[in-house]
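Please read these notes with the model open beside you.

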Amino acid sequence: MPSVALAACVLGSANGAQATQLFATDVVYYDNNGTAMAGYRQDTTHALGTPGLTADSSNGYSGNKDFLSLGLGGRAIFNFGQDFAGDVTLWETTWGNKSQQSDYDERVDVYYGSFDSVGDWSVLANDLDQWTYGGDIFNVEDGAYNTAAGATNAGAAPEGVFNHLLLVDKSVTRGDGFDVNAIAVQGVDSQDVPEPVSVLGLLLVGTVGGCELWKRRAA
């Protein structure tokens, strides 16, 4: 059974090949759903790159303006520069006393998609049938708020490889929705995944090798 063993080894390595954590490189679509907010809260560049955290964890990042407010019922589509798979990690910024954050029940639904880079984002952002649901993340309950680790949608991430992520605000109380400090995914290097032809070639080599070994033993 050399060919079967070889194939299992190759496919196992491909499925386990993942690159490092990737942070958002671009916001290709943003709509705050008409929510009134200060200009800096609408700056999409504030959601890019690594999270902007403050040393004082008791004040909810007070004074830190490095975030993008989605707006109540708003949404945004993110790109990460390459394909990704698995869990999403979110960092959220909510000012104020951490013990009082129940007053700001902010949350988002997470959707995964794979689209051409010139897609009609205004249409795609509002057609959830084109996306794969990946669970929800709460600012306080899930630890997205005021934590260096952020919060993930562990256990809710869909199978597959994607290239865009959609966040839809589902906040139910006052404020201007979920404030995205940073967002990260697990990058997948497509070069680590062998093409089907390559796998078949390896299977053929294994089969030929197995046949030759059988012939020598039978002689």
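1. A polar contact is a pair of N or O atoms within 3.5 Å; within protein, one must be able to donate a hydrogen and the other to accept it, and residues adjacent in sequence count only if both atoms are side-chain atoms. The side chains of H164 and N163 make such a contact, at 2.7 Å.

2. This is a predicted model, in which local features need pLDDT of at least 70 and side-chain atom pairs count only at pLDDT 80 or more, while totals for chains, interfaces and linings use all residues. Residues are numbered from 1 along each chain as its sequence is written, and side-chain values use heavy atoms, with hydrogens and water left out.

3. The protein has three helices and nine strands (DSSP runs, numbered from the N terminus: H or I of at least four residues for helices, E of at least two for strands). H164 belongs to strand β8, residues 162-169.

4. Is H164 buried or exposed? H164 counts as buried because its relative accessibility is 2% (buried is under 20%, exposed over 50%, partly exposed in between, with a 1.4 Å probe and protein chains only). Of the 219 residues of the protein, 42% count as buried.

5. Leaving aside residues up to four places away in sequence, H164 touches residues including F84, Y112, W121 and W131 (contact means heavy atoms within 4.5 Å).

6. K65 lies over the face of Y40, 4.8 Å from the ring centre (the rule: NZ of Lys or CZ of Arg within 6 Å of the ring centre and within 35 degrees of the ring normal).
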